[in-house]
Amino acid sequence: MSHRAHLLDLVKTLPARDSLLIAEQPDSILRTEAGQIPGYVWPDVSWKDSDPEPASVLLVTAPGAMGKSAAAESVARYLHSPIIDLAMLRVGHDTLTGRLANVLGWSVAPSFIDELQRGRAALVLDSLDEAQLLSGREHFIAFLKNVSETLGASPAQARQVIIFGRKDSVETAYLALSDFGVKAEICEINALSYGQSCELIDNTLDRREESGVPYRVHRIHSEPFGELRNEVFRDLAKALSGEEGNTGEYWEAAENFLGYPPVLLVLSERLAVENPAAALADGGLLSLEHGGAGLARGYLLMRIVEGILNREANKVREQIAKSLSLSSEDCRTLYTNEEQCLRVLGVTSSISFDLVPPLMLDAADKVLYEEQIASFALDHPFLSDRDFSNIVFSDYVRAFVATSPTSELFGVRRSDLLAACRVAGPFFAHFAHSLSARIGLEGRDGPVQPNSIAQVDELLIDELIRSYAAGTPALTMASYAASSERGGAVLMLEEYPDRRGDSLLFEIPEPSGVLELYSPLSRCIVVSDHGVVLAARGDEFEIGPNVVFVVSEIQINASKVTVSDESGEVASVLIVARELSHPPDMRVTAYPPDSLRVHVPGAGFQWRPFIFKISKNEAGVEPAISHEVFFWIRRIIMSFRSGAGDNPSLFGEMFDRLIVGSSRVAEATADALIELKIVIRRSDLYVLDLGVLSTFQVSYAAVKGPDFMDALKSLQKRVLETDAIRKMPKD
């Protein structure tokens, strides 16, 4: 769209009355109140035409939950015009004229219609899409003919009638009105700008009360509050679009999510802190939640997305209940989250499947249900022009399909559904964790639980690592560990190394023994008694930077392996394995050459430039065990939650069952750290003593940094000398 205007500026050009129409029978159908809606923020609107010609009807559209009804009421109040909520009516041929006559009376209605035809008054119609859904196409077209007849044979073309609805119904109305000889134009409500979004947050908080006391922190301490709000915007915008910097640089790329009113309403709740300056000093809004930044982000996004789904479901169920004469209880199984996600996929992809309408509907009602639900699916709040409006919504749908135990209830295989989804983006890992762990089961409104464990299928590991790499700072690394002796596997996604630490923890109860990872692969540590398959989608497997394998066996299905690290770090990719198999003519290239180091007995000629020989260390520990101990030291230290000045801690059950319980080497390494008094057991917690850790020239921050291999050398040497390691069973 090339023409953009502020909605209020547009409204000022519309025909307004000097005084209000006083309805003799005021009700919820036709309202004539004056004044602005408290807290309403006027958005911008856009046209396809750069210089639209005057028209009699202005059709205003927007995605679901963008605020069409609030805009409709605001326009009506500003113009002193009546507004008819079509969602309350079964429309037909005489609906408009009949309703005006019934409410205004036969003496007033003709004079109002005369003013309307002369361009001296305006009429606002809201919820056009719901009228179409409720009434059916034939009656809907008859209603539009009644609108054209009300405007008369020669309407003034001063935008006398302003109609709000979703895109599908608005486009149908545009064509129908044209057939009836009425000129109409279409404009679309835009996502809120940065300034409008800030205004909506402020206005929302103006209405907030805590224990009967109005919340005024955002007004009294506006500067630190604004900095806190902007930090949240920047954090989400960077994950959404990769853009950061000042507002002008990132807002345009991320406004279709950040400027979405339902998103801003949830953010307003999270921003209602008592001390914005303290929140900033403590790492920002996402670090305030119990459990840390990563869990808070996933929880926040879950509340936003599922709030939108619930709103959409309630709206559709209300209309379906009327058209099918169903009770509210009967409608609870209609348009569920599963159904919405699948119908959205049906719009965005080429996948062909037939959704089975709810079993509680009879044959005739099922046909009617499918007819009416089609327009809502096309105009779902997740969509824009038959595609996902942003990556948050696409990641949610993919995560829902991947984790929901009921996603196949509609007769479509999970693999086919995943093939129809977008590839996993930066929020997929958060949604997969939240959906699997079910944080805050009561409406997702409970507190974020620390150390929540999500059980997932092994097939999701590659996507989770890829999502993690796309949505976290470059210094972080995913950690995967699996043990053949103890069974099970764990994936830990550590977030924000420069903030209060937290992790997304995934448990794989029954690993197959072969972990499959796809190219390109970066930023992960894999320690496993099992095998790993590196699969190329073409003929080349790209790996790096910051990838470590300490595994039993690696199989590479590619004709070429390329290792790269623009930072020039030594041993950015490290491979330690007992066996390594691949095509005999496979080529290996590393840029720079020192970025790859390999220790594999009997490795082929391709690996010779990158092989490093290691022997038993001074403590007599086998090389492979020595390397595994090294990475378990890092993993154990990283698993602790950092605090504000306190020693980091971790729940004992989490530490014993997931962190060290997945490997005998891990258990021995943990015992060694306890032996050295670096890790201390206190009641139901394990505590990391930063003071003792520092005596080994190791800092908590350095362990998470890019030079962690150098930082841990002296500690590794001392750990290998402990009784816990030396007495570890050798089999």
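The structure holds seven cavities of 30 Å³ or more. A cavity here is a set of points on a 1 Å grid over the protein atoms alone where a 1.4 Å probe fits but cannot get out; grid points are joined across faces, edges and corners, and a volume is the space filled by probe spheres set on the points.

This is a predicted model, in which local features need pLDDT of at least 70 and side-chain atom pairs count only at pLDDT 80 or more, while totals for chains, interfaces and linings use all residues. Residues are numbered from 1 along each chain as its sequence is written, and side-chain values use heavy atoms, with hydrogens and water left out.

**Stop 1: the largest cavity.** Select Ala65, Gly67, Lys68, Ser69, Asp126, Ser127, Asp129, Glu130, Phe164, Arg311 and Lys315, which line the largest cavity; lining residues have an atom within 4 Å of a point. The space inside is about 80 Å³. Helices α2 (68-79), α5 (128-135) and α14 each supply at least two of the lining residues. Six of the lining residues are charged (Asp, Glu, Lys and Arg). Two are nonpolar (Ala, Val, Leu, Ile, Met, Phe, Trp, Tyr, Cys and Pro) and three are polar (the others, Gly among them).

**Stop 2: the nonpolar cores.** Next select Leu258, Tyr396, Phe431, Leu464, Phe549, Leu596 and Trp607, the residues that touch the most other members of the largest nonpolar core, which has 154 residues. Such a core is a set of buried Ala, Val, Leu, Ile, Met, Phe, Trp, Tyr and Cys residues joined through side-chain atoms within 4.5 Å. Helix α14 (residues 293-324) gives this core its largest share, 11 residues. A second, separate core has 51 residues, among them Phe655, Leu676, Phe696 and Val719.

Return to Tyr396 and show its contacts (heavy atoms within 4.5 Å). Beyond four places in sequence, Tyr396 meets Met302, Val305, Glu306, Leu309, Asn337, Cys341, Phe382, Phe431 and Leu435.

**Stop 3: Ser56 and Gln160.** Ser56 sits in the loop between β3 (44-47) and β4 (57-61), and Gln160 in the loop between α6 (137-151) and β7 (161-165). Helices (H or I, at least four residues) and strands (E, at least two) are DSSP runs, numbered from the N terminus. Ser56 counts as buried because its relative accessibility is 0%; buried means under 20% relative accessible area, exposed over 50%, partly exposed in between (1.4 Å probe, protein chains only). Gln160 is likewise buried, at 0%.

**Stop 4: Thr403.** Thr403 lies in helix α17 (residues 391-403) and is partly exposed, with a relative accessible area of 22%. Its contacts beyond four places in sequence are Arg414, Ala432, Leu435, Ser436 and Leu460. Thr403 and Val456 are 53 residues apart in sequence, with 7.2 Å between their C-alpha atoms.

**Stop 5: the whole chain.** Colour by pLDDT, the predictor's confidence in each residue, from 0 to 100. The chain averages 82, and 85% of the residues score at least 70. Residues 439-448 stay under 50, with 22 contacts beyond four places in sequence in the model. The chain has 28 helices and 27 strands, and 58% of its 731 residues are buried.

Note on methods: 1 Å grid on protein atoms, 1.4 Å probe; cavity = no way out; pocket = protein on both sides within 12 Å on 5 of 7 lines; lining within 4 Å.
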